[in-house]
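Here are my notes on this entry, in numbered points.

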Amino acid sequence: MLHMLILGMGYSASRLAARLRAEGWQVTGVRRSADAQAIAFDDEPAVRAAIAGATHILSSVPPEGEDDPVLTRYGAAIAAAPALWVGYLSSTGVYGDAAGAWVDEASPVGQGRRTARARADLDWGALRPDVRRFRLPGIYGPGRSALDRVRAGKAHRIALPGQVFSRVHVDDIVGGIIAAFDGPPGAYNLADDRPSAQNDVIATACELLGQPLPPLLSLEQADLSPQALAFYAENRRVANGRARRLLDWKPLYPTHVEGLRACLVEENQPC
């Protein structure tokens, strides 16, 4: 039986787990604290047994401080595991600021603010020869998108001409991971086809919800958190050609327009 071990049951990983369970997989999750769907990260006997018994292993745990907690605690066990496949959810933040230019998997990493993330990405790539690293841009999906910010009155439009971002719908992450089960190891950017300004995304969400556009503000007027300011400090377009060529993957939602429409449809479905 195919058995996926997922370390870090966050938004994207939980969506993958649901898809795999629906397809008949055994899925073991690992969280900080145990619950009905997962074992605790600190339960070393249980985690090590799951590592030894899984056919597939995926980590979605980001660095904490300067270290990757999964590699620190379980890296040697994962390196020696009999698993057929190992994956890691990384970030396109490893590329740093590209001044709006395109980046692909051959672009330099470690030049930006996420040095710990870049180091973890490279360390996972060196852990064993069959690792797939999925470099992800801004992730959105049902319950976690511009639609939610518009509804909550927390959406911003920032006056930054030329500023663009790439993003990816959570179901396209799931699709890329599954496509990589039969694809070669290495790094893959999973991003949609059309990098666009955050203002355009907010405008689409407002249109779908029938809400007025929020005012256009400067960065200073918006009074953003340090995390949000860091988001606007980088400007790049993320190419997805390698995943298309080697994994035969293509996004179900090639732009944020299709993706937000799908979010709205799913969110409006009766429970």
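**Notes on the model**

1. D223 is exposed, with a relative accessible area of 67%; exposed means over 50%, buried under 20% and partly exposed in between, with a 1.4 Å probe and protein chains only. D223 sits in the loop between helix 8 (219-222) and helix 9. Its phi is positive, about 50°, although D223 is not a glycine. Helices here are DSSP runs of H or I with at least four residues, strands are runs of E with at least two, and both are numbered from the N terminus.

2. On the basis of these notes: this is a predicted model, in which local features need pLDDT of at least 70 and side-chain atom pairs count only at pLDDT 80 or more, while totals for chains, interfaces and linings use all residues. Residues are numbered from 1 along each chain as its sequence is written, and side-chain values use heavy atoms, with hydrogens and water left out.

3. A99 is another non-glycine residue with a positive phi, near 55°. A99 lies in the loop between strand 5 (85-91) and strand 6 (102-103). A99 is exposed, at a relative accessible area of 65%.

4. The axes of helix 2 (residues 44-53) and helix 3 (residues 69-80) come within 10 Å and cross at roughly 30°. Axes are lines fitted to C-alpha atoms, for helices over the stretch in contact, and angles run from 0 to 180 degrees between N-to-C directions. Helix 2 and helix 3 are therefore roughly parallel; that label covers angles under 35 degrees, with over 145 as roughly antiparallel, 65 to 115 as roughly perpendicular and the rest as oblique. The crossing of helix 2 and helix 3 is right-handed, that is, the near helix is turned clockwise from the far one by less than a right angle, anticlockwise being left-handed.

5. On the helix 2 side, E44, V47, R48 and I51 meet R73, Y74, A77 and I78 of helix 3, where contact means heavy atoms within 4.5 Å. This contact of helix 2 with helix 3 has five nonpolar, no polar and three charged residues. In this scheme Ala, Val, Leu, Ile, Met, Phe, Trp, Tyr, Cys and Pro count as nonpolar, Asp, Glu, Lys and Arg as charged, and the others, Gly among them, as polar.

6. Helix 3 also packs on helix 4 (residues 115-127), at an angle of about 15° and with the axes 11 Å apart. That makes helix 3 roughly parallel to helix 4, and the crossing is right-handed. V70, L71, G75, I78 and A79 of helix 3 make the contact with A120, D123, W124 and L127 of helix 4. By class, the contact of helix 3 with helix 4 has seven nonpolar residues, one polar and one charged.

7. What surrounds V70 beyond its neighbours within four places in sequence? V70 is in contact with L7, F41, S59, V61, G75, I78 and W124. V70 belongs to helix 3 and is buried, with a relative accessible area of 0%. The C-alpha atoms of V70 and S59 are 7.6 Å apart, and the two residues are separated by 11 residues in sequence.

8. Helix 6 (residues 170-179) is mostly covered, with eight of its 10 residues buried: V170, D171, D172, I173, V174, G176, I177 and I178. Helix 1 (residues 11-22) packs against helix 6 at about 60°, with the axes 9 Å apart. That makes helix 1 oblique to helix 6, and their crossing is right-handed.

9. Y11, S12, R15, L16, R19 and L20 of helix 1 meet V170, D171, I173, V174, I177 and I178 of helix 6. The residues of this contact of helix 1 with helix 6 divide into eight nonpolar, one polar and three charged.

10. The structure holds nine aromatic pairs. Rings of Phe, Tyr and Trp (its six-membered ring) pair if their centres lie within 6.5 Å, and planes under 30 degrees apart count as stacked, over 60 as edge-to-face and the rest as tilted. The F165 and Y232 rings are edge-to-face, because their centres are 5.7 Å apart and their planes are at 80°. This pair links distant parts of the chain, 67 residues apart: F165 is in the loop between strand 9 (157-158) and strand 10 (167-169), and Y232 is in helix 9 (residues 226-232). F165 and Y232 are both buried. Elsewhere, ring pairs link W25, W85, F134, F181 and Y188 into a cluster.
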